[in-house]
Amino acid sequence: MIFQRRRRDRPELLGHRHSTAVFLSRTGLGLDRTNMWRLIRRYARAAGIEVPLSPHTLRHSFATHLLSGGADLRVVQELLGHADLATTQVYTHVEETALRRVHLQFHPRP
C-alpha cells in the first residue's frame, strides 16, 4: 500500500526543525496548496472517485459532517480558522436542507 511504502516518523522528517504544518512533504517541509491538491487528486483517482475533488471539497465535507454530528458551531469556526461566525454559518444550510427532507419524509402534507 502507498502509505506503508512511504511511512516515516514525523521527527525523522523534521530533523532538528520545528514546524506547525500538519502535512509534511518527503523533505520534511510543509506541503503547499499545489502539492496538496495533486495528492488529493491522485488518491481520489486511486480510490476510483470520478467526481472532481479538491481540498475545499474535503474542508466543506469536514465542516458539514461535524455539524450534522452535533458539533457546536463555534468549535467548527475555530477548527476552520474563520474569524467571523457568519462565515462558518454557511455550512449550516446543508444541515437545514437535510432536516427539511427528513421532516417531509416522516410528516408529509397531503
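In the predicted model, Ser54 counts as buried because its relative accessibility is 12%, under the 20% cut-off. Ser54 is placed in the loop that joins H3 and H4. Leaving out residues up to four places away in sequence, Ser54 touches Trp37 and Ile40. Ile40 is itself one of the buried residues of H3.

Helix H3 covers residues 33-46. With 14 residues at 1.5 Å a residue, H3 should span 20 Å, and the C-alpha atoms at its ends are 20 Å apart, in agreement with that expectation. Met36, Ile40 and Ala44 are the buried residues of H3. Viewed down the axis of H3, these buried residues fall within an arc of 65°, so they line one face of the helix. The face turned away from the buried side carries the exposed residues Arg38, Arg45 and Ala46. Helix H4 (55-68) is included in what covers the buried residues of H3. The charged end of Arg42 sits over the ring of Tyr43, at 5.9 Å from the ring centre. Just after H3, Gly48 adopts a positive phi of about 80°.

The buried residues of H4 are Ala63, Thr64 and Leu67. Down the axis of H4, its buried residues lie within an arc of 95°, so they line one face of the helix. Phe62, another residue of H4, counts as partly exposed because its relative accessibility is 40%, between the cut-offs of 20% and 50%. Not counting residues up to four places away in sequence, Phe62 touches Leu79 and Leu80. Phe62 and Leu79 are 17 residues apart along the chain, and their C-alpha atoms are separated by 9.9 Å. After H4 comes Gly70, whose phi is positive, near 100°.

The largest nonpolar core consists of seven residues: Ala63, Leu67, Leu73, Val76, Leu80, Leu85 and Tyr91. At least two residues of this core come from each of H4 and helix H5 (73-80). H5 gives the most to the core, with three residues. Leu80, a member of the core, is also one of the residues touched by Phe62. Tyr91, another core residue, is in contact with His56, Arg59, His60, Ala63, Thr64, Leu67, Leu80 and His82 when its neighbours within four places in sequence are left aside. These contacts of Tyr91 include Ala63, Thr64 and Leu67, the buried residues of H4. The count of aromatic pairs comes to zero.

Over the whole chain, seven helices and zero strands are found, and from the N terminus on the elements run α-α-α-α-α-α-α. Of the 110 residues, 19% count as buried. Among contacts in the chain with a separation of 6 or more, 23% are accounted for by residues 24 or more positions apart.

Key. Residues numbered from 1 in each chain as written. Predicted model: local features only at pLDDT ≥ 70, side-chain atom pairs only at ≥ 80, totals over all residues. Heavy atoms only, no water. Helix = DSSP H or I, 4+ residues; strand = E, 2+ residues; numbered from the N terminus. Expected span 1.5 Å × (residues − 1). Buried < 20%, exposed > 50% of the residue type's maximum accessible area, 1.4 Å probe, protein only. Arc of directions from axis to C-beta. Contact = heavy atoms within 4.5 Å. Phe/Tyr/Trp six-rings, centres within 6.5 Å; stacked < 30°, edge-to-face > 60°. Lys NZ or Arg CZ within 6 Å of the ring centre and 35° of its normal. Core = buried A, V, L, I, M, F, W, Y, C linked by side-chain atoms within 4.5 Å.
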